[in-house]
Amino acid sequence: MKEQKVKNIGVDVKAPKKACEDRHCPFHGGLKLRGRILTGTVVAAKVLKTATVERIRKQYLPKYNRFEKRTSKVRVHNPLCINAKEGDVVKLMESRPISKTKRFVIIENTSEQE
Ligand SMILES: [Zn+2]
C-alpha cells in the first residue's frame with residue numbers, strides 16, 4: 001500500500017495509525033463530515049465496515065424520583081483503518097447518508113491502547 005496523506009477532518013481526534021483504501025473513510029477517502037458528534041459503545045461489528053453503536057441516556061421518572069436507563073442504537077460506518085471491535089468506546093461524527101441506515105462514521109476509537 002502506498003503512503004497516504006491523512007486528511008485533517010476538522011475535529012480534535014487522533015488520526016488512525018493505519019492507512020486504508022476505503023472511499024467512505026473520513027481520513028483517507030472523500031467523505032466529508034458535518035453535524036453532531038456522539039460517543040457510544042460498539043455492540044456489534046460483524047459486517048465489514050459497519051458497526052452498531054449503543055448510546056445510553058438517563059430519563060428522569062418523577063413518580064419514583066429516580067432515573068431509568070434508556071438506550072438507542074445507531075448503525076455507523078466503521079472505516080478499515082479504525083476497525084473498532086465489540087466493546088470499544090468510540091466517537092462518531094455525522095456525515096451524509098452512506099447507506100440506507102448509516103449516517104454516522106467512527107472517527108476515533110477511545111479504548112484503543114498504544
Ligand atoms: Zn482510513
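**Figure 1. Strands β4 and β5 lie side by side in the predicted model.** β4 and strand β5 (residues 104-109) run antiparallel and are joined by 5 bridges. One place to look is K91, which stands opposite E108 in β5.

**Figure 2. Strand β1 pairs with β4.** Strand β1 (residues 33-44) is antiparallel to β4, and the pairing extends over 6 bridges. L38 stands opposite L92 in β4.

**Figure 3. β1 and β2 form a hairpin.** The two strands run antiparallel and are joined by 3 bridges. A44 has T52 in β2 as its bridge partner. Between the strands of this hairpin there are 5 residues. K49 lies in the turn, with a positive phi of about 65°.

**Figure 4. β2 and β3 pair over 12 bridges.** The sense of the pairing between β2 and strand β3 (residues 66-77) is antiparallel. The bridge partner of R55 is S72 in β3. The two strands form a hairpin with 4 residues between them. Which residue in this hairpin takes a positive phi near 60°? The residue is N65, found in the loop between β2 and β3. N65 is not a glycine, although its phi is positive. N65 counts as exposed because 7 other C-beta atoms lie within 10 Å, and the cut-off for exposed is 12 or fewer.

**Figure 5. N83 sits in the loop between β3 and β4.** The phi of N83 is positive, near 45°, and this residue is other than glycine. Is N83 exposed or partly exposed? N83 has 18 C-beta neighbours inside 10 Å, so it counts as partly exposed. That number falls between the limit for exposed, 12 or fewer, and the limit for buried, 20 or more.

**Figure 6. The largest nonpolar core has 18 residues.** Among its members, A51, V76, A84, L92, V105 and I106 touch the most other members. β2 (50-61), β4 and β5 are the elements that give two or more residues to this core. Which element gives the most? β5 does, with 4 residues. In soluble globular proteins, nonpolar side chains tend to be buried together.

**Figure 7. I106 and the residues it touches.** Leaving out residues up to four places away in sequence, I106 touches A51, V76, H77, N78, P79, I82, A84, V90 and L92. A51, V76, A84 and L92 are also listed, with I106, among the core residues that touch the most other members.

**Figure 8. The whole chain, for orientation.** The C-alpha trace spans about 60 × 30 × 30 Å along its principal axes. Of the 114 residues in the chain, 28% are buried. Among contacts between residues at least 6 apart in sequence, 53% join residues at least 24 apart.

Technical notes. Residues numbered from 1 in each chain as written. Predicted model: local features only at pLDDT ≥ 70, side-chain atom pairs only at ≥ 80, totals over all residues. Pairing = 2+ DSSP bridges. Core = buried A, V, L, I, M, F, W, Y, C linked by C-beta atoms within 7 Å. Contact = placed C-beta atoms within 7 Å.
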